[in-house]
Structures are given as C-alpha cells and as structure tokens.
Amino acid sequence: MFCPHCGAQQPDGAVFCGNCGQSMVGASSAPQAAPTRQAPAPQQPFAAPAPAPAAHHGFGGSGSNFQGTLSAATGFGKRSLAMLGGAVASFVCMFQPWVSLPFADKGLDYALQQAASGSSTAMIEQQLGGAFKAFINTSFDMPHVFSLSGSLRGIASAANTYITQMSSYADLPALQQAQSAVGSINLAANVLTIFFVLWVACLAALIAGVVLKFVKKNDVVLIAAFGATAAISLVCVIASFVVNGQIEGNLVSAFTSMGSSSTAGIIASIKPFVQPAFGAILTLIFSAAGLVCSFVLKED
C-alpha cells in the first residue's frame, strides 16, 4: 500500500506512514504522485521614486526663475519679454531731452563775467545771474523742439532785418557771409521740425507694435518701430554735430569778414551751439537692443 500524502510505499496494514508520519487512512494499493509546490513568482526589483523638482516661489533665485515667472504671468518667452522691455525703455527715453543748446548757458556766463568786471556790484550781479540761469533750459525734449524751431526762425528773421540795415555800408562779402549764417539757422529750424514729425511717427509705431504684440502676438510692427526709432535717433545724433559745425563755421566767418574779430572770439568761447542730449542717445541704445533681441533671442 502507498501513503496518500507522500506516496511512499508502506507495508500492508500500516496505520501511520513511516516516511511522513501521516495517517494511512484512505491508502491505496496504487502509488500516489507526491504533491508539488509552485515556485514563488520572482519579485520585481523595487524602484525608488524619482525625487520631485524643488519648488521655487516668488522672484528670488536665479535669473532663469525670474524669467520663468514673468513668462508664466504674461504668456511670453524671453524674446518677447526683451522686445517689450526695449519698447517701454525706448518710449520713456523718447520723452527725455533730445537736443541740447550749450551756447545759451555759456553765453550767459560770458555776459555775467563781462558785466561784473570792474563793477562795485559784482557779487550782486553774479547772484542775480545765477538765479536767472536756473530758469534757462538748454536741453529740449522733442515736444519742445517744435517750439524751438519757431524761435530759431524768429532769430533768422531778426538777423535778416539786421543784414538789410547793414547793406548800405557793409561790403558784399560780409553780407554774403551773414546771409549764409542766417541760412544755417533756418536749416537748423527745418531739421528740428522734420525730426519732430518723425518722432511722432515713431512714437505711434511703438505704441501700435506693443498693442499688436499683446493682442495678436504679431511683432512685425514692433520690429519696424524699433528700426525706425533707432534710425531717427542715430540721425539726430549725427545731424546735431553737423548743424553745429555749420552754424559755428558760418558765424565765425561772417563776423571775421566784417572785421569783428572780438565777436568771433566770443563765438568760439561759447561753442558748441547744438549737441545731442542723453534722451536721443538712450533711445538709440534701447531701440537698437530691442531690434537685435528680436532677431537673436528665442522664445524658450
């Protein structure tokens, strides 16, 4: 007989299995297959969870976090943010002084020195002159340039009247030099007027470009505004030096030919007459930077 539990052969009549010790009740004469045990399924190796990225809060930390925060808040990448920053900076600088007339301040200083020389009231005159200088504006933003161009035309008109009065006793070369100087003043007035008109056009283009960038994500107008603003500010810087050289040369030549060598020396001491102010230079820098960023930077 065979054990019903382990299948070992046992003598007939055995009560318990001599192999496994189990009861032989239900034993049969045929051998029984030993029960098989399933091998345990192989366990998968335990994978540690990936560490969560550190959270950044606020605007502290690196510059990339600051740019990421702005991008999340505005929906723009770094290219668009750089362009909008350049547009805002250019817009602000366009309302700063663009043209400077240093000769006004220097001319007043020269007049005060001449008036105070040998005078018993020199200290009082110097104090009054210093107070008067505080009210003189030698730097002009573009809204005031339009009125400045009108003033220059008034100066040219008065100079023409003076030349007409001198025509009866002054020689012809002197009159020609004086008329050339008046022509330079008129040229400066016309140039300032043209710059004012172009300035208004560039200002409107910047505003339209920013609006289209926000509303329709279209930056073509803003790129064109950057180029136009950089061009007009660069021309303003160059034209200021050119016009100054023409005014200075013509005035000195005119008074020298008329025999007024001392007046020519005064003009030389109070030059320059026209210079670019810091507003034009900063506008050139920011608009050019915005234009470069639009072509170099990417949104990501």
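Reader: How many residues does α9 have, and what distance does the helix reach from its first C-alpha to its last?

Author: In this predicted model, α9 has 19 residues and reaches 27 Å from its first C-alpha to its last. That is close to the 27 Å expected at 1.5 Å a residue.

Reader: Which residues of α9 are buried?

Author: The buried residues in α9 are G279, A280, T283, S287, G290 and S294. Viewed down the helix axis they fall within an arc of 100°, so they line one face of α9. On the other side of the helix, F295 and V296 are exposed.

Reader: Why do residues three or four places apart in an α-helix point the same way?

Author: An α-helix has 3.6 residues a turn, so residues at that spacing point the same way.

Reader: Take T283. Where is T283 placed, and what does T283 touch beyond four places in sequence?

Author: T283 sits in helix α9. T283 counts as buried because its relative accessibility is 0%, and the cut-off for buried is under 20%. Leaving out residues up to four places away in sequence, T283 touches S90, C93, M94, W98, T229 and S233.

Reader: S90 is among those contacts. Where does S90 lie?

Author: S90 lies in helix α2, which covers residues 78–93. S90 is also buried, with a relative accessible area of 0%. Beyond four places in sequence, S90 touches L206, F226, T283, F286 and S287.

Reader: On to the rings. How many aromatic pairs does the count come to?

Author: The count comes to four aromatic pairs. One of them is F95 with W199, an edge-to-face pair at 5.4 Å centre to centre, with 85° between the planes. This pair links distant parts of the chain: F95 is in the loop between α2 and β1, W199 is in helix α6 (residues 172–216), and the two are 104 residues apart.

Reader: What separates F196 and W199 along helix α6?

Author: F196 and W199 are separated by about one helical turn, because they are three residues apart in helix α6.

Reader: Which residues do the ring pairs link into a cluster?

Author: The cluster consists of F91, F95, F146, F196 and W199.

Reader: With which residues is Q10 in contact, leaving aside neighbours within four places?

Author: Q10 is in contact with M1, C17, G18, N19 and M24.

Reader: What confidence does the model carry, and where does pLDDT stay under 50?

Author: The chain averages a pLDDT of 75, and 64% of the residues score at least 70. Among the elements, helix α1 (residues 63–74) has the lowest mean, 52, while helix α9 (residues 278–296) has the highest, 93. pLDDT stays under 50 over residues 54–63, for which the model has seven contacts beyond four places in sequence.

Reader: Finally, how many helices and strands does the chain have, and in what order do the elements run?

Author: The chain has nine helices and three strands. From the N terminus on, the order is α-α-β-α-α-β-α-α-α-α-β-α. Buried residues make up 32% of the 300 residues. Among contacts between residues at least 6 apart in sequence, 69% join residues at least 24 apart.

Key:
Residues are numbered from 1 along each chain as its sequence is written. This is a predicted model: local features need pLDDT of at least 70, side-chain atom pairs count only at pLDDT 80 or more; totals for chains, interfaces and linings use all residues. Side-chain values use heavy atoms; hydrogens and water are left out. pLDDT is the predictor's confidence in each residue, from 0 to 100. Contact means heavy atoms within 4.5 Å. Buried means under 20% relative accessible area, exposed over 50%, partly exposed in between (1.4 Å probe, protein chains only). The expected span of a helix is 1.5 Å times one less than its number of residues. The arc is that of the directions from the helix axis to the C-beta atoms. Rings of Phe, Tyr and Trp (its six-membered ring) pair if their centres lie within 6.5 Å; planes under 30 degrees apart count as stacked, over 60 as edge-to-face and the rest as tilted.
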